[in-house]
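Trainee: I would like to learn how to read a loop and the sheet around it. Please take me through one case.

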Amino acid sequence: MNVNQKGNIGLLKVIGDLYNKGYTVFKPFDDYNPVDCIAMNADGKTFRLQVKYRSPGRGDRYEIAAKSMVNGKGVDINRDLIDYWAVYL
């Protein structure tokens, strides 16, 4: 499984978890956005999320990459545009 496939699995799991917790989740139209999704709670407050997938079993420590993969290329992440990180193991 390649990096983009793993990222899609992580994103789907995070979206499902947020939906089950009562959030409405919006996915960007294309893959060139600084966030993977935007979640809105019942009060209308929104949160910009960057989702990362990590395989379990790499110890107790997980690093958050400063890059995202877009079309097989590493693209720098602007951390000022992200409210929260969601990590799916």
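Trainee: Where is the place of Asn 41?

Mentor: Helices (H or I, at least four residues) and strands (E, at least two) are DSSP runs, numbered from the N terminus. Asn 41 sits in the loop between strand S2 (37-40) and strand S3 (46-53). This is a predicted model: local features need pLDDT of at least 70, side-chain atom pairs count only at pLDDT 80 or more, and totals for chains, interfaces and linings use all residues. Residues are numbered from 1 along each chain as its sequence is written, and side-chain values use heavy atoms, with hydrogens and water left out.

Trainee: Which residues is Asn 41 in contact with, leaving aside its neighbours within four places in sequence?

Mentor: Contact means heavy atoms within 4.5 Å. On that basis, Asn 41 touches Tyr 23 and Phe 47. A polar atom of the Asn 41 side chain also lies 2.9 Å from the backbone nitrogen of Lys 45.

Trainee: In what sense do S2 and S3 pair?

Mentor: Strands of a sheet pair through backbone hydrogen bonds, either parallel or antiparallel. Two strands count as paired if DSSP finds at least two bridges between them. S2 and S3 are antiparallel, over four bridges; Cys 37 has Leu 49 as its bridge partner, and Met 40 has Thr 46. The two strands form a hairpin with five residues between them, and Gly 44 in the turn has a positive phi of about 90°.

Trainee: Which strand does S3 join through five bridges?

Mentor: That is strand S6 (residues 84-88), which runs parallel to S3. Val 51 stands opposite Ala 86 in S6. The open sheet has four strands in the order S1-S2-S3-S6, with mixed pairing.

How values were computed. A polar contact is a pair of N or O atoms within 3.5 Å; within protein, one must be able to donate a hydrogen and the other to accept it, and residues adjacent in sequence count only if both atoms are side-chain atoms.
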